[in-house]
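My notes follow the display.

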Amino acid sequence: MEEINKTAKVQFFFRPFSADPKVQAVIFVAFLAMYLASLGGNALIAVTVQINHSLHTPMYFFLANLAALEILYTSSIAPLALANLLSMGRTPVSIAGCGAQMFFFVFLGGADCVLLAVMAYDRLIAIRYPLGYTLLMSWPLCVELMVGSLVLGFSLSLPLTVLIFRLPFCNNSEIYHFYCDMPAVMRLACADTRVQQTALHVISFIVLSIPLSMIFVSYVFIVATVLRIRSAEGRRRACSTCSSHLSVVLLQYGCTSFIYLSPRSSYSPATGRVASVVYTFITPILNPLIYSMRNKELKNALRRALSRI
């Protein structure tokens, strides 16, 4: 009971990127600009898909939901990170606040990864069975796949967060990160973390490896189908709809796999913090840019929406 009371009173602090306030100010401006760009770009895609009836197809339904997830995902991290950049790491976060941030980060990040696998399946059906696409990808199925992504993210996030925050944290602790990431928080526990480390690797494997395997299998069938298309225009259209999704997959899975599937002995807090900037701030900016540049139909819809504004 005494150990639980001590843990409940613990406050975490995030280590600054630099001891120089001017450097911290520059990083703050960069993070703020990336956060606002991510919010603006993803919100624009979500709204554009919503108001354009020509985009009310399964492909754009999933894209709009991906944009909404990116907004929530980045917003679970950015405000606290920005506050700590301004305060030089003196803004405290409670155990409950840190746990809430970790839960939403894993929940939304996991749903994001599963949704990317769903989008690969959608592209496979569209290219392999174009005549039966609307029948195979019905709206009830699309909603079920979207809800399933959220449910899976939630069911994996909650037990992992509870398991980590059952660890005792005996003193005020400085997290070598800019948010409550799992490996960084577990390094501060004053107890054996082997069970939590194992759970993290198992859940990371489920969230990253299984959807990535599904994406790989989908693209094997997609490539086989594209090679059988006789017209050059048909192959070009098929490739254009897939290349943007594949670019996002490589960005999303590259850094997260590096952090969460690497053995604990090779984990570097400094490297982990830098890599995290990529998938928490940079990737959510690139997603709307990649889709808008690669997709002619979406590009035209965005151009019309901006001209109205």
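Cys-98 and Cys-180 are both buried (under 20% relative accessible area; exposed is over 50%, partly exposed in between; 1.4 Å probe, protein chains only). This is a predicted model, where local features need pLDDT of at least 70, side-chain atom pairs count only at pLDDT 80 or more, and totals for chains, interfaces and linings use all residues. I number residues from 1 along each chain as its sequence is written, and side-chain values use heavy atoms, with hydrogens and water left out.

I searched the whole structure for disulfides (cysteine sulfur atoms within 2.5 Å) and found one. Cys-98 and Cys-180 form it, with sulfur atoms 2.0 Å apart. I placed Cys-98 in helix 5 (residues 95-128) and Cys-180 in the loop between strand 3 (173-175) and helix 8 (182-186), so the pair ties together parts 82 residues apart in sequence. Helices (H or I, at least four residues) and strands (E, at least two) are DSSP runs, numbered from the N terminus. The S-S torsion is about -125 degrees, so the disulfide is left-handed.

Cys-113 is buried at 3% relative accessible area. Cys-142 is buried at 0%.

Next, the record. The unreviewed UniProt entry annotates "transmembrane region" over several spans, including 59-82 and 102-121; such annotations may be inferred rather than shown by experiment. I found residues 59-82 to be 92% helix and 0% strand, with end C-alpha atoms 34 Å apart. Residues 102-121 are 100% helix and 0% strand, with end C-alpha atoms 29 Å apart.

Last, I looked up Ile-210. Ile-210 lies in helix 9 (residues 194-228). At 40% relative accessibility, Ile-210 counts as partly exposed.
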